[in-house]
Amino acid sequence: MRVACYKSQGTSMQPFLLDGDELIIDIDPVTPYAIGDIVLYRSPLFTQPVAHRVVGRGDAPKMFVVRADADPTTTETVPQESIF
């Protein structure tokens, strides 16, 4: 098992995560992601890694729909290989 530490930045995941909260990320490419999981991923929309919640599966295999808890109207579809 590999783990990584990530410090939350901003307010997009409030009230579950607060600005500055530290997350320990279990990096396990074998374990499938489930709806409700919080994942850390690279997005072309942001310069830093993003921590958001998985809210669904994309239309293509190995695609996941993620969103911030504080803004449930804005989602992003990301490929599995972008997730840490």
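Contact, as the word is used here, means that heavy atoms lie within 4.5 Å. The model under review is a predicted one.

1. Gln-14 and its surroundings. Gln-14 sits in the loop between strand E1 (2-7) and E2. Leaving aside residues up to four places away in sequence, Gln-14 touches Asp-69 and Ala-70. Its relative accessibility is 32%, and Gln-14 therefore counts as partly exposed. From C-alpha to C-alpha, Gln-14 and Glu-76 are 18 Å apart in space, with a separation of 62 residues in sequence.

2. Gln-14 is joined to Pro-15 by a cis peptide bond, with omega at about 5 degrees. Pro-15 also belongs to the loop between E1 and E2. As background, most peptide bonds are trans. A reader inspecting this loop may wish to look at the bond directly.

3. Asp-69 and its partners. Asp-69, one of the residues touched by Gln-14, forms a salt bridge with Arg-53, in which the closest N and O atoms are 2.8 Å apart. Asp-69 lies in the loop between strand E5 (63-67) and E6, while Arg-53 lies in strand E4 (residues 50-57), so the pair ties together parts that are 16 residues apart in sequence. Asp-69 forms a salt bridge with Arg-67 as well, the closest N and O atoms here being 3.9 Å apart. Is Arg-53 buried or exposed? Arg-53 is buried, because its relative accessible area is 17%, and the limit for buried is under 20%.

4. How many salt bridges does a search of the whole structure find? The search finds three. One of them brings together the side chains of Lys-7 and Glu-22, at 4.0 Å from N to O. Lys-7 counts as partly exposed because its relative accessibility is 47%. Glu-22, at 56% relative accessibility, counts as exposed.

5. Glu-76, a buried acidic residue. Glu-76 is part of strand E6 (residues 75-79). Glu-76 is buried yet has no salt bridge. The nearest side chain of opposite charge is that of Arg-42, 12 Å away. A salt bridge requires a nitrogen and an oxygen within 4 Å. What does join the side chain of Glu-76 to that of Ser-43? The two side chains are joined by a polar contact of 2.6 Å. Beyond residues up to four places away in sequence, Glu-76 touches several others, including Tyr-41, Leu-45, Phe-46, Phe-64, Val-65 and Val-66.

6. Ser-43 is placed in the loop between E3 and E4. At 8% relative accessibility, Ser-43 counts as buried. The side chain of Ser-43 also reaches the backbone nitrogen of Leu-45, at 3.0 Å. With residues up to four places away in sequence left out, Ser-43 touches Val-50 and Glu-76.

7. Gly-36. The loop between E2 and E3 holds Gly-36. Gly-36 is partly exposed, since its relative accessible area is 31%. Residues up to four places away in sequence aside, Gly-36 touches Arg-53 and Val-54. Arg-53 is the residue already described as bridged to Asp-69. Gly-36 and Thr-73 are 37 residues apart in sequence and 16 Å apart in space, from C-alpha to C-alpha.

8. Lys-62. Lys-62 occurs in the loop between E4 and E5. Although Lys-62 is not a glycine, its phi is positive, at about 60 degrees. Most residues other than glycine have a negative phi. Lys-62 counts as exposed because its relative accessibility is 52%.

9. The largest pocket. The largest pocket has a volume of about 240 Å³. Which elements give two or more residues to its lining? They are strand E2 (22-27) and strand E3 (38-41). The lining consists of 13 residues, and those nearest the centre of the pocket are Asp-26, Tyr-33, Asp-37, Ile-38 and Val-39.

Conventions:
Residues numbered from 1 in each chain as written. Predicted model: local features only at pLDDT ≥ 70, side-chain atom pairs only at ≥ 80, totals over all residues. Heavy atoms only, no water. Helix = DSSP H or I, 4+ residues; strand = E, 2+ residues; numbered from the N terminus. Buried < 20%, exposed > 50% of the residue type's maximum accessible area, 1.4 Å probe, protein only. Lys, Arg positive; Asp, Glu negative; His and termini not counted. Polar contact = N/O pair within 3.5 Å; in protein donor to acceptor, adjacent residues only side chain to side chain. 1 Å grid on protein atoms, 1.4 Å probe; cavity = no way out; pocket = protein on both sides within 12 Å on 5 of 7 lines; lining within 4 Å. Points joined across faces, edges and corners; volume = space filled by probe spheres on them.
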